[in-house]
Each structure stands twice: as structure tokens, then as C-alpha cells.
Amino acid sequence: MIGKYLENIGGVTLYYLHDLGRMGVYLLRIWRGGIKRPFRILAMIRQMREIGANSLGVIFFTGAFTGMVLGLQGYYTLRKFGSEGLLGSAVALSLLREMGPVLTALMVTGRAGSAMCAEVGIMRNSEQIDALECMAVDPFPYMLMPKFLATMISLPLLTMIFNVVGIFGGYLVGVKLLGVNPGAYMTGMQQSVVNKDIFMGLVKSLVFGALIVWICTGRGYFVHQIRGAGYGAEGVSRVTTQAVVLSSISILVWDYILTAIML
Amino acid sequence: MNEEPVIQLRDVVKVFGTQRVLDRVNLDIYSGRTTVIAGGSGQGKSVTLKLILGLMKPDSGAILVHGRDITTMKRRELNEVRSHFGVLFQGAALLDSLSVFDNVALPLRERTDLSEEEIRQQVMASLIQLGLIGHEEKFPAQLSGGMKKRVGLARALQVQPEIMLFDEPTTGLDPEKTMEIYRLFYQTQDKYGYTAVIVSHDIPKVFNLADQVVVLNRGKLVAFNNPEEIQLSQVPEIQAFVKATMGHLYLSSDLE
């Protein structure tokens, strides 16, 4: 009884260690693929349209409403201390350092990460990846590196758009709706935001971008080897769910780690 | 046979969980000939093909292509070996995001230095040969099963492979389309003179194509020099397989 229990624990531990190792090698192979000629600029631009440009609408809306709710909450909190004038800096700092990178990354995971995972998973299941390998075409530089680079470029850009839209969302609610002084909102923001805040947001979004594309494409790539995933359409759907959950958790964990390091 | 085999499987063992799919399998595949690997489903036919392609590694044993063991090769060497292979996958494995033309042109664009104009000419020529003209702008999702296989065949033949591997080439096709695939197989083998390895359970039709038939059964390979031999096999499992796939009509003992 105890022996079987220990055996199970050992089996699960070994599986996860193996999975981690496999994902590590996968990441290395993507990077190695990146330095191989020819550089697939066109493929990368196409992916940037998928991952970046097509996510703009979602980012715009989430950015606007996040900014607006920050304006609302911030106003009622700051009013208690009679410092509504600080609303601009409160909104901007929250967005630039935390909300912008994290929420953008979560939205991109849901919109583009899941799609990438399903696409790669279906390619694996329908032997398209095997076919590439048999044609002596390395799938890493051919199809994975463009996704990787596209996400790494798109995510910081989307984050910045999110921040700008959010700041104006906060302005709309704070200044136009609740009557905060527009000058105070803008000057407060300009005085309190320093380069380090923007840099912190950028570093975060770069790390989150790498996490999203690594986890999402990686889960799809190994769909046939993942424990409990099953085969066919069911396997792809399970792995996609797993990829979104794993990416979201990793984003939040790494957000804490990066904040702790950079503060 | 005096000539050196192109592909040799030596004591190949492949285990999945507790199932020994291949148990010390030996197989020689000779140049210019057609080898059919038959057997019931789940007997490891496709696994054998994946092992030959280096997509899977055996648990033990060696797989020699032109005398070189591919199981110990580095990726670059393996790619070099693979450049002699052409594969027609079960579902054709066309890239969904590319049109028929781009799918067929892919190996030329990736593996040769041909100009775009030369590629266009060569691709169009093979599309004409395989009766795919007028469909070059379509995407795989818009094609029927038989057409996908023809595109897959066209793609595999672009780099003039020395060895062609077919994974269940006629599965899921109606009898008319099946005959068409076989006709194209004859035509293209005649033209390019490739060595063919066909994994199939389309018994007895594939017998007409084969120079050598091997049947996978409980992890063991049983080789037959001609299709008649297999029907006279005394091994109970093979008798059962022959009976299940070919029916009583083909068993000579039953006819008597």
C-alpha cells in the first residue's frame, strides 16, 4: 500500500522533471533556431499581425476600462485623505508598473496564446510537424521562431498602448466625470513617473511575452507526449486549457519575482 | 540476394508502457523494390515507419540507412539522410496555412537554391502530372481526401527521393480513388525508380505492388518472398490475419 503510494509520487515527480527538462530543451532549440539563416522576416510580420495587431481591439477596451475603474477607485480612496490631485500619478503608476504588463499579458494569453497552442497542437496531431522534419525542414526556425519573436515584439508594444489608453480612461473618469483638476492630474503624473517605472513595465512585458509563447507553443508541440492529454481534438483542447492556465499562473508568479527584484 | 540493402533494421525493440510493440525485429529493404509492411492495427506498422524516418528512437537495436546507423546520428546528419527520403503521410500532412502550390514548392524553397521561376515550372509540371492543375491556389481544407494524397505525393516527389515511404496510402479512400493512388504509384515509381516502403492493411490489393511482403504480428516480423507464401503460412496469427483481411476466398486450403 505504502509502496504503491511512494511509487506513484516517484512516477509523478519523474514525469514533471522530465516535462521541465523537455520544455527547457525546447526553449533552447527555439533560440538556436533564431540565429539560423534565412531570417524569416515575412513570417514574423504575419505572426505580429495575428498576435499583435489583431489583439489591439481587446487591449484598447481592457485598457480603457482598467484606467476608468482605477480612476474611480483611486478618486474615492484619495478623497478620504483630501488628495484627489494625486489621482494622475496613482493611475499612471499602477498602470505602468503592474496593471499594464500583467493585464496585457493575460489578455494576449487568452487571445493569441490559446490560438498558438491549438495551432501547433493540430499541426503535431495531423503529422504536419513530422512532415516538416521529414523534408529536412527544421520546424524551430521555420514556424516557432517567428511566433517567438512576434510575441516578444508585440507584447511590449501592446502594453504601452494599454498604458496610454488606461491613463486617458482614468482622465476621463477623474477629470471629466468626477471633477479632478486636469492640470493636477497631468502634472502629478509627470512629476511622479520616472524612467525606472517605464523600464520596469517593459522588462515585465518582455518576460511575460517569452513565458506566453514558450508555454503555449511548447504545450502544443508536445501534445502527443503530455500525460492525460489524450489524442485528437480532445488532446488539443485539454492541452490548450493547460497552456492558458499555466501561462496565466506563471505570469502572476513572475510578476511578483520581477517586482521584488526591481523595486 | 547479393546486393546491399538500402535500409536494414537490426534487432529493433520498441516498447510503449508495458507493450512490446517491436520485439527484436530484423528487416532488409532493397533498392528499387517495393516492400509492403502489413499487419493488423496497433501492431506497430506506423511505428516501424517512424523509426526508419528517425522520428522515433528504438529502445534498442540499430536502423541502418546505406549502412549508417541513424539511431546514433546527430540532427544534421539525420537531416542529410532524410533528404533522400520522401514520405506520404496517412492524412497527407499538408501545411494548413499554405496553398497547394506553396505546399508542393516548400521542399524546393527550403532545400534547394532554385529560383522562384524554376520552382514554379517544376511545381506546375508535377501538378499537371498528378492531375492537380486548376487547384494550385486552393488550401488543404478545401480538398478531398484523394486530392490531398495526390498533393502529398507531389510534394514528396519534388526532391526526387531515392526512398519513398507510404503510410496507409489508401486508408479512407473509396475503391476508385484507391486505384487512382495505385496507378500514380506505378507511374511515379516507373519514372523516378524509387525504393518504396508501403505500410498498409489494404490486403489483398497491395500484394499486387509488392516485391516483398512482411507481416507484423505481436512484435515480430514475418517475411514472405511472394504474396502466395503468406496465404499458406502455418502461423495461426498470420492465418487469422489473412482470413480477416482477405476472407476465405483467398485461402487455398479452403478452396480445396
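Which residues touch the most other members of the largest nonpolar core? In this predicted model, they are Val87(B), Leu165(B) and Val213(B), out of 126 residues in that core. Helix 4 of chain A, residues 87-125, gives the core its largest share, 16 residues.

**Chain A as a whole**

- Chain A has 9 helices and 0 strands, and its pattern along the sequence reads α-α-α-α-α-α-α-α-α.
- The C-alpha trace of chain A spans about 65 × 55 × 30 Å along its principal axes.
- Chain A has 263 residues, and 43% of them count as buried.
- Among the contacts in chain A with a separation of 6 or more, 87% are between residues 24 or more positions apart.

**Helix 4 against helix 9 in chain A**

- Helix 4 of chain A packs with helix 9 of chain A, residues 232-262, at an angle of about 150°, and their axes are 9 Å apart.
- Angles over 145 degrees count as roughly antiparallel, and helix 4 and helix 9 of chain A are therefore roughly antiparallel to each other.
- The crossing of helix 4 and helix 9 of chain A is right-handed.
- On the helix 4 side of chain A, the residues that meet helix 9 include Val102(A), Ala105(A), Leu106(A), Gly113(A), Cys117(A) and Asn125(A).
- On the helix 9 side of chain A, the residues that meet helix 4 include Gly232(A), Val236(A), Ala243(A), Ser247(A), Ile251(A) and Asp255(A).
- Sorted by class, this contact of helix 4 with helix 9 of chain A has 11 nonpolar, 11 polar and 1 charged residues.

**Helix 6 and its partners in chain A**

- Helix 6 of chain A, residues 139-177, packs with helix 8 of chain A at an angle of about 145°, with 8 Å between their axes.
- Helix 6 and helix 8 of chain A make a right-handed crossing.
- Helix 6 of chain A brings residues including Leu144(A), Lys147(A), Phe148(A), Met152(A) and Leu155(A) to this contact, while helix 8 of chain A brings residues including Gly201(A), Leu202(A), Phe208(A), Ile212(A) and Val213(A).
- The contact of helix 6 with helix 8 of chain A divides into 11 nonpolar, 6 polar and 1 charged residues.
- Helix 3 of chain A, residues 56-80, also packs with helix 6 of chain A: their axes come within 6 Å and cross at roughly 40°.
- Helix 3 and helix 6 of chain A are therefore oblique to each other, and helix 3 passes helix 6 in a right-handed crossing.
- In the contact of helix 3 with helix 6 of chain A, 16 residues are nonpolar, 9 are polar and none is charged.

**A closer look at Phe208(A)**

- Phe208(A) lies in helix 8 of chain A, residues 195-221.
- A residue counts as buried if 20 or more other C-beta atoms lie within 10 Å of its own; Phe208(A) has 29 and is therefore buried.
- Phe208(A) touches Pro101(A), Ala105(A), Leu155(A), Ile251(A) and Trp254(A), leaving aside residues up to four places away in sequence.
- Phe208(A) and Trp254(A) are 46 residues apart in sequence, yet their C-alpha atoms are 7.9 Å apart in space.

**Where chain A meets chain B**

- The contact takes 10 residues from chain A and 15 residues from chain B.
- On the side of chain B that touches chain A, helix 2 (75-82), strand 6 (85-88) and helix 3 (100-111) of chain B each supply at least two residues.
- Helix 3 of chain B gives the most to that side, with 4 residues.
- By class, the side of chain B that touches chain A has 9 nonpolar, 3 polar and 3 charged residues.

**Two loop residues of chain B with positive phi**

- Ala92(B) is a residue other than glycine with a positive phi, near 75°, and is found in the loop between strand 6 and helix 3 of chain B.
- Ala92(B) counts as buried because it has 26 C-beta neighbours inside 10 Å.
- Gln160(B), also not a glycine, has a positive phi of about 45°.
- Gln160(B) sits in the loop between helix 5 (145-157) and strand 7 (163-167) of chain B.
- The cut-off for an exposed residue is 12 or fewer such neighbours, so Gln160(B), with 11 C-beta neighbours inside 10 Å, counts as exposed.

Key
Residues are numbered from 1 along each chain as its sequence is written. Chains are lettered from A and ligands numbered from 1 in the order in which they are written. This is a predicted model: local features need pLDDT of at least 70, side-chain atom pairs count only at pLDDT 80 or more; totals for chains, interfaces and linings use all residues. Two residues are in contact if their C-beta atoms, placed from the backbone, lie within 7 Å. Ala, Val, Leu, Ile, Met, Phe, Trp, Tyr, Cys and Pro count as nonpolar, Asp, Glu, Lys and Arg as charged, and the others, Gly among them, as polar. A nonpolar core is a set of buried Ala, Val, Leu, Ile, Met, Phe, Trp, Tyr and Cys residues joined through C-beta atoms within 7 Å. Axes are lines fitted to C-alpha atoms, for helices over the stretch in contact, and angles run from 0 to 180 degrees between N-to-C directions. Angles under 35 degrees count as roughly parallel, over 145 as roughly antiparallel, 65 to 115 as roughly perpendicular and the rest as oblique. A crossing is left-handed if the near helix is turned anticlockwise from the far one by less than a right angle, and right-handed if clockwise.
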